[in-house]
Amino acid sequence: MKGLLKGDRAVFGADAVPELHEALGYGRVKDDRLELALVEAAYLLDREKVAVEADGKALGFEELFVRAARAQEYFELKYIVYRDLRERGYFVQPSVTDFRVYPRGGRPNAAPSKYFVHVISERQPLPLADLAADLQAAVNVRKEMVLAIVDEESDITYYGVKAVSMKGETSLPDVQPVPGSATLLEDRVVIWDEHISGLLHAQGFYGNPMDEQRLQLSLIEAAYLIMRGRLAVADADGVPIGLDAFVARALAFEPAFERKLKVYADLRDKGLVAKTGFKFGSGFRVYEQIASIAKIPHSRYLVDPLSADHVFHLQALSRSVRLANSVRKEMVFAYEKSGIHYFSMGRIKL
């Protein structure tokens, strides 16, 4: 079966439609002809299912592959992923998302595709803005987004990317702020009042007890409680500190404090319990509910707040996801765009 290379397509006659398209799901039919994307043509040529001609001569696999790599950026990576998916038994269609992949047992014109697969090199930076836009496009048409990351040895790791609806069941403690009950000391706040300390820790898992009477709060916990009218804080001289002044002082210790506070506040407002994720190399570890501080459950999420201009470097991303998986948590990333949005990433098997 012979086709002619025309730009970024290999075009075959009508006789190819039943065998390649209708039976095996390759290509797209246009004007009674079958057009194969370069990755499809290369795959079928390598398996001696088709012949492809250009400039009056038949092309070998090497020549077609080199031509395709010149015509399409990262063609070699896309071919590696396309071949892998096809050999796993999936029907795959090249598209603007790199590939549409059909569920096992599904095929074009018989079932909707299930995945939008995006191919990327491990060396390629990945802007958050691009990832978020691709995820939203998948969500809009009810597809699952998959990143196929190809490393320097041409091994593929598949990551599922999904929007996450964060929701918990822990309410804000019913505490009245008492002037002089809490003091800002360097990078933390100490609550001296035994009653307030006990309520905050028992009802919302805020802070870390110094002893049976006093509670230490992180800057972010204190800022949130000030914001929600549950805490009054003064400096070491006893001068009351409002929220704006408190945040300004916190910024001296942590330049990303405001971004982190917005995510923390959103998590707490949604009924989740957020605590530092330092031990896991992330912004927060997050619990869905803590019924009793006598029996603290495992946190479900690790959450990293990201800036709008954040760029992922894939080796670091891989480390974050693997660590989260190793401690049985879901790796979640948060960013602000007309509100706080969350998405998770995890390794998947296709």
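**Close-ups: charges, rings and a pocket**

**View 1. A charge over a ring.** The charged end of Arg-268 sits over the ring of Tyr-206, 3.8 Å from the ring's centre. Lys-275 does likewise with Phe-205, lying over its face at 4.6 Å from the ring centre. To count, NZ of Lys or CZ of Arg must be within 6 Å of the ring centre and within 35 degrees of the ring normal. This is a predicted model, where local features need pLDDT of at least 70 and side-chain atom pairs 80 or more, while totals for chains, interfaces and linings use all residues. Residues are numbered from 1 along each chain as its sequence is written, and side-chain values use heavy atoms, leaving out hydrogens and water.

View 2. Rings of Phe, Tyr and Trp (its six-membered ring) pair if their centres lie within 6.5 Å; planes under 30 degrees apart are stacked, over 60 edge-to-face, and the rest tilted.

**View 3. A ring cluster.** Ring pairs join Tyr-26, Tyr-43, Tyr-82 and Phe-99 into a cluster. By the ring rule, the count comes to 15 aromatic pairs.

**View 4. The largest pocket.** Here's an open set of 1 Å grid points where a 1.4 Å probe fits, with protein on both sides within 12 Å along at least five of seven lines. Its lining has 26 residues, and Arg-188, Ser-218, Leu-219, Glu-221 and Thr-276 lie nearest the centre; a lining residue has an atom within 4 Å of a point.
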